[in-house]
Amino acid sequence: MNYADLFRVTLPETALEVAALLVLVVDLGFLRKAALTVRAAVAALLGVAGCGVALWFVLTAGGASLSFGNDLLLTVGGTAAVAQAGILVLTALTLLLLIDAAFTRHVGEFVGVVLMAATGGLVISAAQDLLVIFVGLELLSLGLYILTAFAKKSAKSAESALKYYLFGGMSAAFLLFGFSYLYGLSGSTNLHKIVIASYALSTVGAWPLWALALVMVAAGLGFKVAAVPFHLWAPDTYEGAPAPAAAFIASVSKVASFALLITVGSIALNPFDFSRTAHGVLRVQLSFGVITSEVLTPRPLGFLAPWATVLAVMAAASMLVGNLAALAQISVRRLLAYSAIAHAGYILLGLAYFSYGSRSANAILYYTLTYGLTTIGAFGAIGVVERATGSDRMGAFLGLHKRNPVLAAVVLVLFLSLAGIPPLVGFWAKFNLFAAVLSVHAGPVSLALVALAVGMSAVSLYYYLQVLKRAYVMPAVNDEPIRVRPVTMLVLLLVAAGVVLLGCFPAVLQGWIASFYPIIDYVRMPPG
Amino acid sequence: MLAWTIYLSFAGALAEALLPKGRAGLARGLALVVALAGFVIAVLGFAGGMGQGLVTIVDVPWVPAMGIHFLLAADGISRVLVLLTGLAAVAGVLFSWNIELRTNEFFAFFLALIGGVYGVFLSFDLFLLFVFYEIAIVPKYFLIAIWGSTRREYAAMKLAIYSFAGSAMVLVVLLAAYTTSGSHSTGLIALGNAGLPVSFQMWAFPVTFVGFGILAGLWPFHTWAPTGHVAAPTAASMLLAGVVMKLGAYGCLRVAMALFPHGMDPWGFTFVGIGSWRDVFAVLALVGIVYGALVALVQTDFKFVIGYSSVSHMGFVLLGLMTLNQIGVTGAVLQMFSHGVLAGLLFAIVGRMVYDRTHTRQLAELERMHLGKRLPFAAWAFVIAGMASMGLPGFSGFVAELQVLIGAWTAKPWWTAVAGVGIVVGVAYTWRALQKALFSDVLPTPEEHPSTGWPKFAAITWPEVAGFSLLTAASLVVGLYPKILLDAIEPAVKTLLAGGGQ
């Protein structure tokens with residue numbers, strides 16, 4: 001490793017950090033006397049520009065990677081590039097929604113923290129090493145705690161941030177504990193080496209330790225994606241955080257965390273590192289019998305079986321708890337929090353039945369990116385309604401179709417997409433994901449889990465319709481029009497248009513994601 | 001060309017949504033133009049498709065990576081049902097001419113629903129069919145919840161949840177069939193030829209049949225239908241009974257029966273005379289026929305009578321499908337058309353001509369209004385529609401139910417015997433409603449009988465006359481000259497029953 005390599009691989013992160021510092025300098029140095037809206041606009045636009053530059057670096061990076069000695073630390077391309085591009089676009093949208101939000105006077109700091117947290121997201125999307133993962137996760141998490149607490153005048157914001165922080169700290173401890181076991185079992189912090197070690201005969205007797213370590217890791221990561229039973233922070237945080245912060249947590253942080261889970265999942269399934277250690281790995285594999293079909297072979301030992309089991313249990317629990325608890329919510333933000341838990345459940349199902357090749361990774365990325373896009377729009381719309389009515393209760397949406405027909409139409413599109421109604425993107429994402437699950441393993445258990453997921457989406461329609469019912473059906477208490485500032489309206493319309501168009505032409509995004517994967521059929525690689 | 005029915009309807013829906021508020025006349029006119037255009041295309045497509053089998057209309061790769069195509073095609077069954085949809089759309093617009101509340105939004109949802117229905121009937125890719133099927137759910141919810149009457153929010157939510165639960169079952173089978181077949185395609189023909197294992201078909205068939213059957217009013221999953229029909233505004237009840245229930249029956253035929261024919265094979269054992277899924281669903285259909293008719297007999301609400309009669313008539317469709325012989329299935333498809341027209345007509349009379357003027361649907365109150373004298377047009381319209389609905393020769397219902405009964409006799413004679421009971425009760429409830437609501441001789445109480453005479457009801461308007469004439473003519477033409485539809489339906493049913501794709 002030399003610093004030129006490091007710089008080349010971390011160009012996007014660097015661009016974001018530079019943008020963050022620039023925002024702070026400009027805001028604190030030059031715009032002290034300027035009006036709040038000007039400062040917000042300048043800070044957000046600088047941030048968006050930073051995201052744009054970083055995006056350009058991501059898309060033009062090619063397939064570089066960074067190693068330390070023999071250990072791979074970071075990769076560029078594939079999952080990483082898709083997730084990173086998604087993170088950057090979603091961050092830019094969050095920043096644009098911030099311009100009119102006006103919940104704080106410290107816009108420069110807010111934008112700075114958003115950009116740094118996004119940097120953390122970029123790092124974990126690309127990380128291949130436990131330590132790098134941990135550093136990236138903490139960078140992201142600390143940013144999120146700060147963002148949650150940013151509405152200083154709101155007691156709720158402070159309370160939710162404290163809850164989020166305490167839960168987060170505990171889950172980080174779980175994660176580190178699990179990491180320490182993995183290191184102890186394999187003698188390496190590199191994910192590839194850890195998985196290879198899990199196939200070694202010497203670890204046969206150590207399977208309880210593997211299981212324990214993986215449960216701990218799953219707990220730590222389950223917290224990030226708000227999977228049951230590590231979801232308790234989500235409703236409070238979604239409710240208390242300022243709307244742009246909640247949008248950021250619901251979208252960017254989710255994309256990054258799922259990208260990390262994909263990394264772990266693909267490494268668990270593909271312990272081939274074609275560049276260097278292929279022979280050694282395949283020999284170890286032969287002694288266990290080479291996997292020849294695209295079927296998740298249940299393996300009593302090692303990495304895969306406990307990992308998949310833990311994820312499947314979390315998936316089922318999240319789908320059930322998320323959807324059923326959402327039925328009883330009267331705060332739309334809490335409703336979105338529980339729906340986020342449910343969506344995390346669907347995605348975890350895709351991770352539990354993870355495929356060789358890129359099928360599952362594609363489907364999961366497609367899901368998280370489009371879900372992130374939809375929730376940002378949803379939180380943007382909620383933010384607008386909240387500013388006009390002072391509440392995020394369902395009642396605040398009463399008569400929305402009269403008070404602002406365009407905003408009501410946006411809410412209609414976004415919520416129906418979340419419920420998975422075609423031709424909106426949410427439906428296609430679900431179909432693609434469940435098809436991936438069944439193509440990996442079409443047995444009674446996976447079919448039952450998919451049936452549960454599909455059935456639970458039918459349940460979810462009920463609570464999404466509760467909001468739409470108030471927006472469209474029930475009589476308005478207050479006919480006063482709700483004004484939306486042009487920038488916010490533009491972003492919301494963009495998001496809604498994206499949800500419709502991506503849903504009508506699903507092949508576009510799918511093809512784009514697939515273009516980042518080398519066409520290697522991992523399964524049919526001849527041994528040696 | 002038929003594809004334009006779909007595009008035009010959705011374009012019309014979008015245009016309606018963007019219309020300025022308060023231009024009710026413009027919204028109505030636009031909706032009528034769009035519905036008429038769709039109808040004309042449907043007629044031309046029907047006439048042009050005479051004597052042809054399955055014709056592919058559009059075939060564009062939609063998601064190449066998964067083998068999903070935007071594949072529209074039509075065979076005789078599709079063309080007949082598209083024709084029905086066109087009729088129902090025009091009649092629906094005509095009978096909602098008096099909607100003043102949020103008119104443009106009403107027609108936006110209405111046309112979106114129509115577009116989805118056209119789409120289902122023309123899709124020959126299972127994924128696409130499912131997409132259109134779900135597109136049709138949401139507008140129904142809003143049509144009922146916003147413009148409905150009795151317990152509308154409850155009924156609308158019930159309908160939405162029932163529909164979505166049904167489509168969830170279909171989606172599970174769609175996913176499973178797609179991955180099991182390994183044909184890397186969701187085309188109906190490809191899936192039909194994929195040779196899905198019998199064990200798979202054995203569970204996929206009942207799940208799909210129930211999933212679609214929910215929307216077709218399959219007993220005991222029919223309970224959304226009466227409440228939904230009653231709560232819905234007139235045009236929405238017409239569409240619900242007229243075409244949406246047909247979506248379910250069409251799905252049962254085109255997806256459940258055509259893709260999983262071995263799901264109807266005997267189980268190898270019998271339990272109280274039931275030895276296959278076919279028997280199970282035939283019995284459920286029979287229960288639906290008799291139960292719907294009996295319940296209709298004791299309703300106190302005029303619209304509930306029609307609502308339950310729909311359950312009974314749709315039972316004939318499902319029974320006809322389960323006969324699995326040429327004449328029975330042909331009769332089922334013809335009954336879909338016939339019931340679509342007649343149920344639309346009945347709902348239009350009850351909802352638009354009577355209720356919008358009397359503001360009550362309670363038979364006990366209507367009894368004292370002497371509607372036979374005060375609304376003669378409505379009264380005689382109901383006489384005609386009621387006769388047609390109870391199966392008077394000369395109307396479409398007779399030909400359709402006769403074929404179903406013959407088919408049922410060929411399959412199992414006792415099915416015909418039970419269904420016959422349903423027909424007799426059908427005469428009774430229609431007669432009862434007719435007598436009570438329109439031709440009762442109960443004298444009004446003195447205070448309701450002012451010496452100056454009864455207050456006048458608003459006169460019957462031209463859209464009502466036009467809509468009535470259109471639907472009655474359709475039923476008469478098919479009743480007197482059924483060959484016009486049978487020539488299209490029979491070959492399609494023949495290929496479908498013969499298996500080997502469609």
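Q: At what angle do helix α11 (residues 234-259) and helix α13 (residues 302-323) of chain B pack?
A: Residues are numbered from 1 along each chain as its sequence is written, with chains lettered from A and ligands numbered from 1 in the order in which they are written. Axes are lines fitted to C-alpha atoms, for helices over the stretch in contact, and angles run from 0 to 180 degrees between N-to-C directions. The axes of α11(B) and α13(B) are 11 Å apart, and the packing angle is about 20°.

Q: Is α11(B) roughly parallel or roughly antiparallel to α13(B)?
A: Angles under 35 degrees count as roughly parallel, over 145 as roughly antiparallel, 65 to 115 as roughly perpendicular and the rest as oblique. The angle here is about 20°. That is why α11(B), relative to α13(B), is roughly parallel.

Q: Which element gives the most to the side of chain A that touches chain B?
A: Chain A puts 26 residues into the contact and chain B 27 residues. The elements of chain A giving two or more residues are α18 (425-440), α19 (444-473) and α21 (506-514); helices (H or I, at least four residues) and strands (E, at least two) are DSSP runs, numbered from the N terminus. By class, this side of chain A has 21 nonpolar, 4 polar and 1 charged residues. With 13 residues, the element that gives the most is α19(A).

Q: Over which residues of chain A does pLDDT stay under 50, with 40 contacts beyond four places in sequence?
A: Chain A averages a pLDDT of 82, and 86% of its residues score at least 70. Where pLDDT is low, the predicted coordinates should not be read in detail. One stretch under 50 is 519-528, for which the model has 14 contacts beyond four places in sequence. The stretch with 40 such contacts is residues 271-301.

Q: Where does B:Pro220 lie?
A: Most peptide bonds are trans. The bond joining B:Trp219 and B:Pro220 is cis, with omega about 5°. B:Pro220 lies in the loop between α9 (198-215) and α10 (224-231) of chain B.

Q: Is B:Arg102 buried or partly exposed?
A: B:Arg102, in the loop between α3 (76-95) and α4 (103-122) of chain B, has a positive phi of about 50° although it is not a glycine. A residue is buried if 20 or more other C-beta atoms lie within 10 Å of its own, exposed if 12 or fewer, and partly exposed in between, with C-beta atoms placed from the backbone. Because B:Arg102 has 19 C-beta neighbours inside 10 Å, it counts as partly exposed.

Methods:
This is a predicted model: local features need pLDDT of at least 70, side-chain atom pairs count only at pLDDT 80 or more; totals for chains, interfaces and linings use all residues. Two residues are in contact if their C-beta atoms, placed from the backbone, lie within 7 Å. Ala, Val, Leu, Ile, Met, Phe, Trp, Tyr, Cys and Pro count as nonpolar, Asp, Glu, Lys and Arg as charged, and the others, Gly among them, as polar. pLDDT is the predictor's confidence in each residue, from 0 to 100.
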